[in-house]
Amino acid sequence: MQVFRIYFKIIKKQLGQLSIYIGVFLAMAIMFSFTSPTSSIDDFTQSKTRVAFINEDENSILIEGFKEYLGNHSVYVPIQNEMDKLQDALFFRDVDYIAKIPMGFTKGIIAGKNSQIEKTVVSGSTSSIYTDMLVNKYFNTVKLYLSSYKDITQEELVKQVAKDLKIETKVQMKRTGEKSANTGNIKYFFNYLAYVLISVIVLGVSSIMMVFNNTNLRRRNLCSPIKNASINLQILLGNIIFSTVCWGLLIGVSFILYRGQMLTTNAIYFCINSFVFTLTALSMSFLVGILIKSRNAQSGISNVLSLGLCFLSGVFVPQEFLSENVLAMAKFTPTYWFVKANNDIGNLSNFSMDNLSPVFMYMLIELGFAVAIVSVALVMSKRKQLKGS
Amino acid sequence: MFWHIFSNRLKCIIRDKQLVFWTLVFPLILATLFSMTLINISKQEAFKSIDIAVVNNEAYQKDVGFKNFLTEASQGDNKLFNINLTTKEEAEKLLDNGKVEGYITVETQINLVVKNSGLNQTIIKSVLDEYNQTVSAVNSIVTDNPTALQNGLLEDVGKRIEFTKNIQAGTKEKPDSAVNYFYTLIAMACLYGSFFGLKEITDIQADLSKRAARLNVAPVHKLKVLVSGLCAGFAVLLLEISILLSYLVFAMKVDFGDQIGYILLTCFVGCATGISFGAIVSAIIKKREGVKTAILIGATMTACFLSGMMYGNMKYIVEKNVPILAYINPAALITDAFYALYYYDTPTRFFTNIGLLSGLTVIFCLVTYLIIRRQKYASI
């Protein structure tokens, strides 16, 4: 097992660099999965838009009433009434709707004039249309009362309007079976794992492969009384152990981060799927290790490979946001199927064979990619050997 | 002499394949990936008429008021709904297959059935609420004051007035927040220019490389060597950034606004900042080149992360909570300069950014010069 031992000596030397990578990627993965949206889908909850409410009019009862009503359907974001602050907030969608009540608005409404709230929105966005709806609803109801009761006080008006606008339609949530699985965050974590696994395994494995593929070293090794097949087998064993340890480490982290969510049946399938993908990543790094000659090329290739695959196949940007063309292209990458399997697993609540079979299908495709890539790599390495280089 | 050193340095840089890859090819690849994946994001928030199904039963046909109300909501250019009149079974099926966001049944009251929560579903509910609420308002008015009906109450109900007026902020009606990602990309490419600075210092400090040791023996003023080297780096970087910029503008159709002069000025200053940043890091830190490269990559990535390259809103979060960080982060300043050109109709913010960037550049250059000048070595 000399080769095997040497393998881990090399790894040991590179441990510093590799652990920096693992550390950075983990930090990013954690942040990434915490910033991702979580949605509970068991009860109907009304979406709320983010509104900046600026009142330049007097603090009238009418405006207070309106503010309370709008506040029930949206989230108020406190922002200073300065043009650039508001503009920034709108650009980064910290607010969806800036509602500015102009001077004399209350008086105008009471007098029956067509006073208007000044809104600043991303034109045509769904959230702005919804908020418009709320505003118009409130003041149209106000107008209705005003035109029927000439001498109504503001208190009375606000009370009446609030009473009417309290009426709500009954909404029924259609259940598609049992309670759905609560796997919001870990799904994103496992998707992101694709990036970490590719980067770390490609860097680690290819740097070792580069050592063994060094022409002079290789020639010398071939002279030794160890069979070539044995050498290759030992390297392969080392590769598999290295990748498995990386995978185990990341799974360990996921257990620390998401204890509750990891003790579900879904999590078991997440783990299986990520292990299958680890094998695919290993096959990629095997190929990379054969193709590249210098350390400089190594970081370039590993970056382009990991970023490219992850961008295209929905690791960074969820698949539902990608355009059809990109998805069509992504189908030729293993990451696409990895993410697809994860998304399916995340939605599973009933683990019947019927529901699971597409997931297994996707895993098989990942393995298929692995086999194909390894075959290419073997052909390449044979050809290299025959050429004597 | 200047041109002699300049042209030789130019050759040195262009032949460094790794350098050209990271400063030109890599940003181009990232730009392609960004635009392929981000192109749909900003389209997501635009409102599209919501597909709904209405169960066509007797109760619905009888409820003329509601029928008219729904018909009105599904007509015109800005219609809210695409209505599919159908049976209950069919509506269920449409909902299951995701063809509609929800379906409405009229029984003793109006019901809405949906599969999940979301803004579209909330809008459907809100519209139905509106109908019920108006009915309630009319009822309470009429019970209290029966004459209201003769005074045109129902006509008032029919006349919905618009109570909002659009006031546009900045230059864009629909500011696209995805452009920020591309701006940070240029910032990244500019800061990767720090590798040029690193290379120049390495090749001029006698204790860092053999080439520098040889160069130091030559009877040329060190400042001259340094300046011509940095100029060569700057020229290459500027060319690369221009290629990236034109790729973004012409091939990827990223919106940069239309103040071309100022856009180029930002690139110009950004390149200078990037190179001088590399120079100062290289001069201050007396370690191996690998360590310096790692520090530069780490610093560039952190700076880009804080200006929103990985998560767009990061820039805003930083500006809101730790504004000082936004003022000293060169990537944020470059990004913000482009942002100001894209979205602001006043130039103050743009010039603040350019001013701060130039300030940083001058400081970097001065410190570098003070460190590397007049160094002599008894033995290397």
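# Questions on a predicted model

Visitor: Does B:K253 count as buried or exposed?

Guide: B:K253 has 9 C-beta neighbours inside 10 Å. With C-beta atoms placed from the backbone, 20 or more others within 10 Å make a residue buried, 12 or fewer make it exposed, and anything in between makes it partly exposed. B:K253 therefore counts as exposed.

Visitor: Where is B:K253 found, and what is its phi?

Guide: The model is predicted, so local features need pLDDT of at least 70 and side-chain atom pairs count only at pLDDT 80 or more, while totals for chains, interfaces and linings use all residues. Residues are numbered from 1 along each chain as its sequence is written, with chains lettered from A and ligands numbered from 1 in the order in which they are written. B:K253 is found in the loop between α12 (222–251) and α13 (260–284) of chain B; such elements are DSSP runs numbered from the N terminus, helices being H or I of at least four residues and strands E of at least two. Its phi is positive, although the residue is not glycine, at near 55 degrees.

Visitor: Which loop of chain A holds A:R93?

Guide: A:R93 also is a residue other than glycine with a positive phi, about 55 degrees. Most residues other than glycine have a negative phi. A:R93 has 17 other C-beta atoms within 10 Å and is therefore partly exposed. Its loop is the one between α3 (83–91) and β3 (97–101).

Visitor: How far apart are the centres of domain 1 and domain 2 in chain A?

Guide: The bounds come from an automatic or database domain assignment. In chain A, domain 1 covers 2–40 + 182–387 and domain 2 covers 49–165. Taken over C-alpha atoms, their centres are separated by 52 Å.

Visitor: Which element gives the most to the side of chain B that touches chain A?

Guide: Two residues are in contact if their C-beta atoms, placed from the backbone, lie within 7 Å. The contact takes 67 residues from chain B and 66 from chain A. Elements supplying at least two residues each to the chain B side include α2 (17–38), β4 (110–114) and α15 (314–321). With 14 residues, the element that gives the most is α7(B).

Visitor: What is the relative direction of α5(A) and α7(B)?

Guide: The axes of α5 (residues 126–148) of chain A and α7 (residues 119–144) of chain B come within 11 Å and cross at roughly 0 degrees; they are lines fitted to C-alpha atoms over the stretch in contact, with angles from 0 to 180 degrees between N-to-C directions. Among the residues that make the contact are A:Y130, A:M133, B:I123 and B:E130. Angles under 35 degrees count as roughly parallel, over 145 as roughly antiparallel, 65 to 115 as roughly perpendicular and the rest as oblique. The two helices are therefore roughly parallel.

Visitor: Which residue of chain A is in contact with B:L38?

Guide: B:L38 lies in helix α2 of chain B. It counts as buried because it has 24 C-beta neighbours inside 10 Å. Leaving aside neighbours within four places in sequence, B:L38 is in contact with B:A178, B:Y181 and A:V317.

Visitor: How many residues of α17(B) are buried?

Guide: Helix α17 (residues 330–343) of chain B has 14 residues. The helix is mostly covered, and its buried residues number 14 of 14.

Note on methods:
The expected span of a helix is 1.5 Å times one less than its number of residues.
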